[in-house]
Amino acid sequence: MGKPISPPPVVGGLRGELPAYLSNGVIGLRVRPNPLSAGMTLVSGLAGRHPARHIEAAALAPYPLAADISLNGVWASDASDALTIVDQVYDFETAELTTRLVYQPGDVSAEITVVAFCSRDDPTIVCQELSLRLDGLAKVVLRPMIDARDVEGRALAHERHTPGEAEPACDGSLLWETEGALSTCGLAMVSSVDAPVETRYPPLQRGRLYTEHSFEGDQRREYRLRQIVSVTPNAIHDQPDQHAVRMVALARRRGFEAIREANRKQWRDLWRGRIELVGAPPRWQALADATFYYLMASTHPSSPSSTSIFGLATWGDYHYYYGHVMWDLETFAAPPLVFLQPGAAEALLDYRSRTLEAAQKNALARGHRGLQFPWESGPATGQEAAPLPGTASWHEDHVTPDVARAFALYAAAAGDEEFMRERAWPVLYGVAQWIASRVTPTERGHELQGSMGIAERQQESDNPAFGVLACQAALDDALDMAERLDKPAPPEWRAIRDTLVLPMQGDLLASHDDYRPDEEKGETPDPLMAFFPLWRDLGAEVERATLAHYLSLADAYAGAPMLSGLLGVWAAWSGDRALSARLLEEGYGKFASGRFNQILEYRPDRFPEQPPAGPFVANMGAFLMSLIQGFPALRPTLGPPETWPQRPVVLPEGWEAIRIGHLWVRGRPYRLEARHGQRATLEPVESA
């Protein structure tokens, strides 16, 4: 297995692009080209009242890795014209971001190198090292800083001392409350300089909690400032500022280098699952590595509140999903995570398990039994948080079977009986009960009336194909698990599954009843989800006709979010390798942003009016699903893994094989090889 391909260095500042995104799945940072200036921070589980919509939404936290430098009395924050950004380098192998700067406010200049990372080994910890080399004598002052300026909320308390201790355990701590008092988080910092310094600890002032290290510097040596900060949400601890002190004091004892090496080891372990594209152009390998990196970075087994559709990333002009937990995560992020980082997949599902009461109440509010998962789930409460009046939440029913399917997939891949019994079965049972109360019996069978498919249209419809088939698949999963666990299954489940009404137009599986190709979003290929990833057997003629119809509309659709990333697989399943390669480019390759290969929500050449927003988890998950399950035709079930490959592999034109040296299957590492024209092989690593 070769090393992952990191993006090329970026020279200078932003040019209408997104800044670098650092994350460990619990903390997410937007780091500016000048990393000394505060970027943006999101923390899993931290929610506040949205200032315009007045709904529960992900809230910004104070920025933990801000800093400032003074040479001979001139602060960099006051002399931006004296600061030159040389370049920024993102190493995907180690998840470290390195920025080089030159600061020259007078006769003496400083070459500055800043290295930042978010620790996966200590998931509340973020670290930064600032190295400084002067070309003359200068009075130097360094300020590592927690910066809460421009962050909505308020400081409830800050401490410079450790109660009951003669010596403080850290530089200081801050208790932060979000807008609307929906959440709190604690931040605690330690800092050090590898030279004799005078150090001051002023109180919190104007939204900044900083330490000040002063010394006389010269050109004979390099000086190094290290700052370590714990960012702890109240979703992890009810007194998050105190727990942040505990975490950062432990980190100080471990030391910067030990934390750095432990983080690198975690990433070495993750990269064992690197997806190798044999025969594909190098650009596609680089895109696969970037996609792998950003999805792994955005998720973690310690995440208390799943993740959002942009991971833990945000920026100034995109916020329209409000950090809500949505169906995209179970449908597109969970499937690759199940095999690449199962602990993170389990954390996504844990969020749903912990918020089952909210799903039950949501069903009751709509007059249904069982569990109805919210369309836009609040990150802290798990309750419906769709912007008022909540239009999409009225009809987007498919989120509920989508969640159930993710639990079933994890159970199949892990083979964990305790998980099946204690976690998956309550969800599958509750969803099956909801389906039974949601469908309407008619002379045609059981209908899903007044619902909505993946395309969010102005008007709801009857029997949307994806919603109906997702319900059918969820009922299949519930029946299979009932048999596996020797649980009683109500007879109506089977009867409903067998009589759900599909929106057929001859051999074509249409998007919904009365579908027209020229209707609003008529090109959306959601019926193709029936074949992959839902694995519905509707017969060869239906599959052929439906693939042909929606692939003929693919050029009109490619560039929209989510399903564009699956177009290459569906074209391959039609047998057209050239079309597969072309649609892979149109449906995924052109979503990549030039700065650090971030995958955007919308293709910028097709939707120039949309702000650049990424990394977009649904698009990335769709691509990784394609590589792990779609092209290899791998269908995970409760049966033996060697039975999962379903059909000969068809790859995009020019590709020879997909190899993955380490997938987690049934609690042990497996190796996958999907070679064009052959059935994929999935075997334990020990016998590979």
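Trainee: In S28, which residue is the bridge partner of Leu672?
Mentor: This is a predicted model, in which local features need pLDDT of at least 70, side-chain atom pairs count only at pLDDT 80 or more, and totals for chains, interfaces and linings use all residues. Residues are numbered from 1 along each chain as its sequence is written, and side-chain values use heavy atoms, with hydrogens and water left out. Strands (DSSP runs of E, at least two residues) and helices (DSSP runs of H or I, at least four residues) are numbered from the N terminus. Within S28, Leu672 has as its bridge partner Leu682.

Trainee: How many residues lie between S27 and S28 in their hairpin?
Mentor: Strand S27 (residues 668-675) runs antiparallel to strand S28 (residues 681-684), and 4 bridges join them; two strands count as paired if DSSP finds at least two bridges between them. Tyr670 stands opposite Pro684 in S28. Gly677 in the turn has a positive phi of about 85°. The number of residues between the two strands is 5.

Trainee: In the hairpin of S8 and S9, which residue in the turn has a positive phi?
Mentor: Strand S8 (residues 83-91) and strand S9 (residues 96-103) run antiparallel and are joined by 8 bridges. Asp91 has Glu96 as its bridge partner in S9. There are 4 residues between the strands, and the positive phi, about 65°, belongs to Ala95.

Trainee: Which residue in S10 stands opposite Leu97?
Mentor: S9 also pairs with strand S10 (residues 110-118), in an antiparallel manner and through 7 bridges. These two strands form a hairpin with 6 residues between them. Opposite Leu97 stands Ala116.

Trainee: In which loop is Asp150 found?
Mentor: Asp150 is not a glycine, yet has a positive phi of about 65°. The loop is the one between strand S12 (138-147) and strand S13 (153-159).

Trainee: Is the peptide bond from Gly614 to Pro615 cis or trans?
Mentor: Pro615 is found in the loop between helix H15 (577-587) and H16. Omega for the bond from Gly614 is near 0°, and the bond is cis.

Trainee: Which element gives the largest share of the lining of the largest cavity?
Mentor: A cavity is a set of points on a 1 Å grid over the protein atoms alone where a 1.4 Å probe fits but cannot get out, and lining residues have an atom within 4 Å of a point. The largest cavity is lined by 15 residues, and nearest its centre lie Val43, Ser44, Ala58, Leu312 and Gly323. Strand S4 (40-49), strand S5 (56-61) and strand S21 (309-312) each give two or more residues. The largest share, 5 residues, comes from S4.

Trainee: How many charged residues are in the lining of the largest pocket?
Mentor: A pocket is an open set of points with protein on both sides within 12 Å along at least five of seven lines. The lining of the largest pocket has 41 residues, among them Ile454, Ala455, Glu456, Lys521 and Tyr602 nearest its centre, and H7 gives the most, with 4 residues. Asp, Glu, Lys and Arg count as charged, Ala, Val, Leu, Ile, Met, Phe, Trp, Tyr, Cys and Pro as nonpolar, and the others, Gly among them, as polar. The lining has 23 nonpolar and 6 polar residues, and the charged residues number 12.

Trainee: What percentage of the chain is strand over residues 21-231?
Mentor: UniProt, in an unreviewed entry, places the feature "domain: Glycoside hydrolase family 65 N-terminal" at these residues; such annotations may be inferred rather than shown by experiment. The end C-alpha atoms of this stretch are 17 Å apart.
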